[in-house]
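Hi,

Here is the structure I promised to pass on. Have a look at it first, then read my notes below.

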Amino acid sequence: MGSRAPGPLRWGAIAIGVAVDVGGTQLCTTAISMLVGIRATIRQPQATLDPVSTQAALHITMSGGRLYALLTVVGLLCSVAGGYLTAYVARTKVLLNAAVMGMCSGIVGLLMASASSRSSLSWSFFALTATTIPAAALGGLLCHLARQRD
């Protein structure tokens, strides 16, 4: 009683990390997108409150490169946080557990995107998903380094 299952992978820790990564990414990107949308609507000149022009302004703002970069950075930071938490909970084979967490998180992200996308996924989305694994491993490495300092 109280002993852990044999093997290097701690699936409970991995599941917690995936939940932090995917949930945190969804929560943060939704909040940022809402704030940007509200800001774009507020900045719309009062003389042009035509719904079509408001939608056009919102579309231009939401498809901007800076917003895309910000959302990408936020997503990668959530992957780092998920990897850190996975390593913290797993306590053994921290880099392996964090990397597996990144792989699982990437798969969940792809499944969510393909379920919600009307068109096929782009190569850039696959490339961003592939960066989830090294970002999660970085989180595991940071946890490992923090434990060594203590």
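A quick term before we start: helices are DSSP runs of H or I with at least four residues, numbered from the N terminus. T29 sits in one of them, helix α1. Keep in mind that this is a predicted model, where local features need pLDDT of at least 70, side-chain atom pairs count only at pLDDT 80 or more, and totals for chains, interfaces and linings use all residues. Residues are numbered from 1 along each chain as its sequence is written, and side-chain values use heavy atoms, leaving out hydrogens and water.

Back to T29: is this residue buried or exposed? With a relative accessible area of 14%, T29 is buried (that means under 20%, using a 1.4 Å probe and protein chains only). A polar atom of its side chain lies 3.3 Å from the backbone oxygen of Q26. The C-alpha atoms of T29 and T72 are 8.9 Å apart, although 43 residues separate the two along the chain.

Now α3, which covers 65-90. Its 26 residues should span 38 Å at 1.5 Å a residue, and the end C-alpha atoms are 37 Å apart, so the two agree (the expected span is 1.5 Å times one less than the number of residues). Several α3 residues are buried, including L67, T72, G75 and A90. After α3 comes R91, with a positive phi near 65°.

Definitions and conventions
Helix = DSSP H or I, 4+ residues; strand = E, 2+ residues; numbered from the N terminus. Buried < 20%, exposed > 50% of the residue type's maximum accessible area, 1.4 Å probe, protein only. Polar contact = N/O pair within 3.5 Å; in protein donor to acceptor, adjacent residues only side chain to side chain.
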